Amino acid sequence: MNATATTARGAPLAAFACVLVGASFTANSVLGHYPYAGSQFLRYGLACLLLLPFTGKDATARLRGLTPRQWARLALLAAVGMVGFNLAVIAAERSAEPAVPGVFVGCAPVAVAILVPFLEGRRPRRIVLYGASLVAVGAFTVQGWGRTDGAGIAFSGCSLAGEVGFAVLAVPVLRPLGPRLLSATVCGLAAVEAATAGLVLDGTAWLRRPDGTEAAALLWQAAVVTVVGFVCWYMGVQRIGAERATLFSGLIPVAAAATAPLVGTGSYGAAQAAGSALVGAGVALGSGALALLPRRSAAAVEDDARDQGRVVVHRTVPAAGQPHQPGAGDHLLGADTLAAQQQPVLGAPGHGDRDAGDVVGEQDARTGPERVVEPGGVDQRERLGDHGLG
């Protein structure tokens, strides 16, 4: 699968997951009086149970194959990127307006665009870094900046660390577990960690029976935001990498701002619209979505494994992404030109691949140079026409 096809499949998954998370902030508004640890325990515990039937028959074997270091990474992912992230946001909002932790979380794409290359021993990709900067500015524009103090800023920084950890810590364990088993595992660990934190912080009051509205919100967060959202997110990370996938976290405040008016907890005006446009531009630039526009070039054909064996390379081929520089003898490739420039060879090359449509030239001892088309192929003039490759 080439890079363009991979982006086309991974980008919508990451975007959809982040939109679900942003919409979940609206559901959080009706859980303000429910014990925090208890809500996290119910959310992640139920999500784990819902995910288990889809983890595969070899799930137990894959879990047994994990090293102690990988288990520690999973536990840290659940503690920092899930339970800790939500706890930091709630703690920040005690002394700061919700926009403050939201702005910090909006900087996650920039942090990931720098941190992931650093951990891999390479330089950040400029295009991703530029896109991440646009996303951060757009997130700030959508939410603005509210009242805060030192504690609010500190806890907002912790929420940023949680968002970054949720993406970065998962990368090494995503391959051996896969998106569904990884999601089920970290949800189970997060449920245990939330229950432990609840018992330590709130005692016996950490869990109670939710009312109808709270139960509906918890069910939405567990079944839709966590089960569907987490699996889509990690499938997106698997396809386009953590750097580009985290760009879509800029859609979280956009989705939150768009859905807030539905429950009367906010408004959507010119600032939100302008910020949403900046986020969209940053995502399109950094994620490679602009490359999905219809484009056909010799370089694109060369990158597609399915087209190998049907590509004739003339003289020079520019590097991918570099403009073509006409050289001596270069001219338009037409049907008559190609026929006139054919040169006989001593014998037809082997065609063990039996690829229908390949055109070969063969020297016939009695009749001279002739054009031979394999069975099932098409005439060379019909295939190339007057447009060259493609």
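Trainee: How do the residues of the lining of the largest cavity divide into nonpolar, polar and charged?

Mentor: Please keep in mind that this is a predicted model. The structure holds two cavities of 30 Å³ or more, and about 270 Å³ of space lies in the largest one. Its lining is made up of 21 residues, and those closest to the centre of the cavity are V21, F85, E163, F166 and F230. Sorted by kind, the lining residues are twelve nonpolar, seven polar and two charged.

Trainee: How many disulfides does the count come to?

Mentor: In general, a disulfide is a covalent bond between the sulfur atoms of two cysteines. The rule applied here asks for a pair of cysteine sulfur atoms within 2.5 Å. For C48, the nearest cysteine sulfur belongs to C187 and is 6.6 Å away, so C48 is in no disulfide. Taken over the structure, the count of disulfides is zero.

Trainee: Does C48 count as buried or exposed?

Mentor: The cut-off for buried is under 20% relative accessible area. C107, with a relative accessible area of 32%, is partly exposed. C48 has a relative accessibility of 14%, and therefore C48 counts as buried.

Conventions. Residues are numbered from 1 along each chain as its sequence is written. This is a predicted model: local features need pLDDT of at least 70, side-chain atom pairs count only at pLDDT 80 or more; totals for chains, interfaces and linings use all residues. Side-chain values use heavy atoms; hydrogens and water are left out. On a 1 Å grid over the protein atoms alone, a cavity is a set of points where a 1.4 Å probe fits but cannot get out, and a pocket is an open set with protein on both sides within 12 Å along at least five of seven lines; lining residues have an atom within 4 Å of a point. Grid points are joined across faces, edges and corners, and a volume is the space filled by probe spheres set on the points. Ala, Val, Leu, Ile, Met, Phe, Trp, Tyr, Cys and Pro count as nonpolar, Asp, Glu, Lys and Arg as charged, and the others, Gly among them, as polar. Buried means under 20% relative accessible area, exposed over 50%, partly exposed in between (1.4 Å probe, protein chains only).
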